[in-house]
Every structure is written in structure tokens, then in C-alpha cells.
Amino acid sequence: MKLSYYPGCSLHSTAVEYNDSTEAVFKAFDVDLVELPDWNCCGATAGHSTDRYLALALPLRNLVIAEAEKEKELVLPCAACYNLIKAADHYVREGTPEAMEAVRDMKEITGKTYSGSVHVSHPLEVLSRPEYAAKLPGKVVKPLKGLKIVPYYGCLLTRPGYVAFDNTEQPHIMDDLMKTVGVEVRPWSYKTDCCGGGLTLSRTDLVVDIITKLIQEAKHAGADALVTACPLCQITLDTRQNKIQDKLPVFHFTELMGISFGHKGAGEWMKKHIVDPVPLLKGLHLL
Amino acid sequence: MSITNNQDSAQHASFGQKIQEKSHQNILSCYQCMKCAGGCPMNHAMEHCNYEILRMVQMGEADTVLRSNTPWLCLSCKTCATRCPNGIDTSKVMDTLKAEAVAAGIPLSEKRTAIFYDSFLKMVGWFGRLYDFGMVGMYKTRTGAFFADMDLGKEMMKRGKMPFLPHRIQRVDEMKKIMRRAKEKRQ
């Protein structure tokens, strides 16, 4: 089976290990992720923050391309891209005047239109479907016994309601996946807090404060690591632990799934992290 | 309470109406329950809480809200949007206020953030995708923050996480057209 795939800029640069582990996990389910041809950046925070039109037009160009593909489902592992592209799709389906104007502009610019027929989804949503959930236990050759984590969903996967595929205040899909691969999921109250990612360059001071609090709370919860489903949460948590003495590794959820599947490339993914997760995994005989 | 003349009230009303229309949020329905600030991760660093900004927009206090650091510290986490009993997405009001402040040429209280956004979008317009190395270089040149994150940058490059060369999409002309159209609409 094939699914259209929009990696987004991060998965080609600061989160290559998320790209590789996502592809590996889908491959284990015999699904090929086919990269969307000539995709463009969704504009991220920079786009919507000062220009509402760009927040629609940049995602729309990708939806136009996706609609012309055979596979009508577009998988986006980056929560920021997912959020913006899902929102643009939502506004087109709602038929808001601004969205319709952007659709007309896209027809002029690209020669093609978007009618709202693409299903925009995040890997967490896809992998939690019954057809995957039924097969998942059979894929696990190395249950991740002894690994204690807290799941971190951040903002953009569950908010606002029209992009959400899980409970907005108490999501559980990643918890369930992690439990199935043998991880001990510790309860904590910070699953859906913001990591501050959008201001990591310009207000590093404030972002370091947010991350310090999150890491401290993860430790209080008894976790040895955090697990994310967003490359921006991951990089912010991984790189802004300046004030933390014993830093905690931060995994992409697909990395832990891949390790539990016995994927041979997992060692390479770990080399990409800033906070080295290898001692923790070796200590538990998981790598 | 001071009594404003008719001209003042008209101006105030028109500012509130403009922000309401541009953000597509029913700002007038805010009754100051303060739930938005309760969940806001940046509340402590903001000059005005988000519900205070909404009140000032209702009252037409354009100058104060456009000079406030509040819109620039909003992370668009949408906690406020999810919890507002009146369905107001305050982050969209903040986005509108940032765009208004830039358009009005008001000295921005969080200039570095504005430069970050602009440098980011320049790369997207030129290449179709974010070119991290170029964006960081432009941001540092324009803000003078040359030495920030030097060690981190080296670590990222060592791990192949910050490619030295940009990737340009094939139909980059379409990006230029989108950017041009956006600029026309801002004017």
C-alpha cells in the first residue's frame, strides 16, 4: 500500500531521524510513504503570525498537488505542518470567503484547484487505526522493558478542535502506542503544554524557562525520557535543557516503535540526538 | 471616566471593528472570564494579559495594543482558543495585531521575533522551503546576535542536521507569485 507523504522542512534537516524512523515504521506495515512532488514549506509560525493570506496559500499549494495524486491520504509527521495544512483543508471544506479566494488564486498561479478531497492525517492517527493496531503487537520483537517515559503531545496536534484526532485536553493515542511496544508510560499533567518552539531563536531566555519546567516535571513523574510526535517539540526539548544538570533524552515516538521492531538503522537515528540517548538504552539492553 | 467626543468614539469603534473583521473573531463577545490567561504559557512575560488586549481592542485603544509586547510573545499554542467559552481564538487576534503593527510601521517591542519571521519567509519565497542555514545567517546579520547558539549550530552541522546548501523546489516561480500576491493584499 502507498500513502502520500509530506515530510516538511524539518524532516529534511533538523529532524532527519524522525523522517527515517517514520518511513521505517510504515515500511514494517508494508506501507510505502511516497513523497509529494515539489512540495513547499507550509509557512509555519512565521507565515500565519504576520500574514493570514500566507497561512492559507502556502498550505493550499500542497493540497493542490496532493489532490492530483492517486493516493488521497496525505501523511504529515510534523505537527506544525499538519496543523496548518489541516486548517487550510478545513477552511476550504467550510467554504470561507478567504479560503475560496485563496483557492481561486491557486488556480491562477498553479493552473489547478483544490476541491477538499484529500484526507490530511498525522502518523499517530494512522497508526492507531484498527487495521494497524491489530498488527502492532506482532511487529514487536524487542519490548522496551524498563524504559519509563512521559508522552509529550505539545500544542499543534490537538488544538484547535477542528484539527484534533484525539482528546484536546487529555490525548492518549501516543500513550497507547508506547504501552503496546512495552514502554512504561508515566502519568503527568504537561502532555499538551507548549514547548515555546516558535520563539526559540528570538526569545531563547523564555523558551529555556519553559523547557526547564517541563524537564523537571518529567523527572518528578518518574520518567527517564520524553517522547514526542512533533519535530519542533523534539528539537526544542533536546536543545534547550541549558539549566538542567542531568539532561533527559527526547525521542520521536517512531524511533521507539522502530527499536521495538528490531530495526537495524535505529543506532544511526540515536547519533542525531543532542542529548545522547544511547547510555539510557544500553543500560536497559535495548540497543 | 472621561467623556470622549464623537470623533474619538468613531475612531475607537472602527479600530475594534477592523481587528474583529480581520481576525474573524467575535471580540465583542469577550466578557473577561480570564480563562485564556489562565492557560497561557507566556502570561508571565506579557505586558498585558490576553483578555486585557481583547478589552482594549473593544475600547479602541489602538496605540497601546499595537505597542504591547503581548502579541509578539503569543506562541499560537491555542490553549486560549480551546478553552474560551465564547469560541474566540485569541491567537488569531494576536496575529492580526502583529500584522497591523508591522503595516503601521510602529516600532516593535519584540523586534528580533519580527526579524525571525521575516527571514524565515524570505527563504520560503526564494527556495520554496526553509533553508535553515540561510535563515539563521540572515537573522544573525540583521539582529547582531552573531554569537548566540554557536556551539549548538556546530553540533547540528556535525550531525548533518543543518545542510549547508539550500534545496530549491522546481516551480519556485509559483512561490514568488504567492509571495507577491500576499504583499499586494497587505497594502
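Reply: Let's start with B:D95, which is buried because its relative accessible area is 10%, below the 20% limit for that label. This is a predicted model, so please read each value as computed from it. The side chain of B:D95 meets that of B:K98 in a salt bridge, with N and O 3.2 Å apart. Both residues belong to helix α7 of chain B, and they sit 3 residues apart, so about one helical turn separates them. B:K98 is buried too, at 0% relative accessibility.

Helix α7 (residues 90-103) of chain B also holds B:E100, whose side chain forms a salt bridge with B:K22 at 2.9 Å, N to O. B:K22 lies in helix α1 (residues 6-23) of chain B, so this pair ties together parts 78 residues apart in sequence. Here the two partners carry separate labels: B:E100 is buried at 10% relative accessibility, while B:K22 is partly exposed at 42%.

Now for a pair that crosses between chains. A:E108, in helix α5 (residues 97-110) of chain A, reaches B:R181, in helix α11 (residues 172-186) of chain B. Their closest N and O atoms are 3.1 Å apart. A:E108 counts as exposed, with 58% relative accessibility, whereas B:R181 is buried at 18%.

Terms used: Residues numbered from 1 in each chain as written. Chains lettered and ligands numbered in written order. Predicted model: local features only at pLDDT ≥ 70, side-chain atom pairs only at ≥ 80, totals over all residues. Heavy atoms only, no water. Salt bridge = Lys/Arg side-chain N within 4 Å of Asp/Glu carboxyl O. Helix = DSSP H or I, 4+ residues; strand = E, 2+ residues; numbered from the N terminus. Buried < 20%, exposed > 50% of the residue type's maximum accessible area, 1.4 Å probe, protein only.
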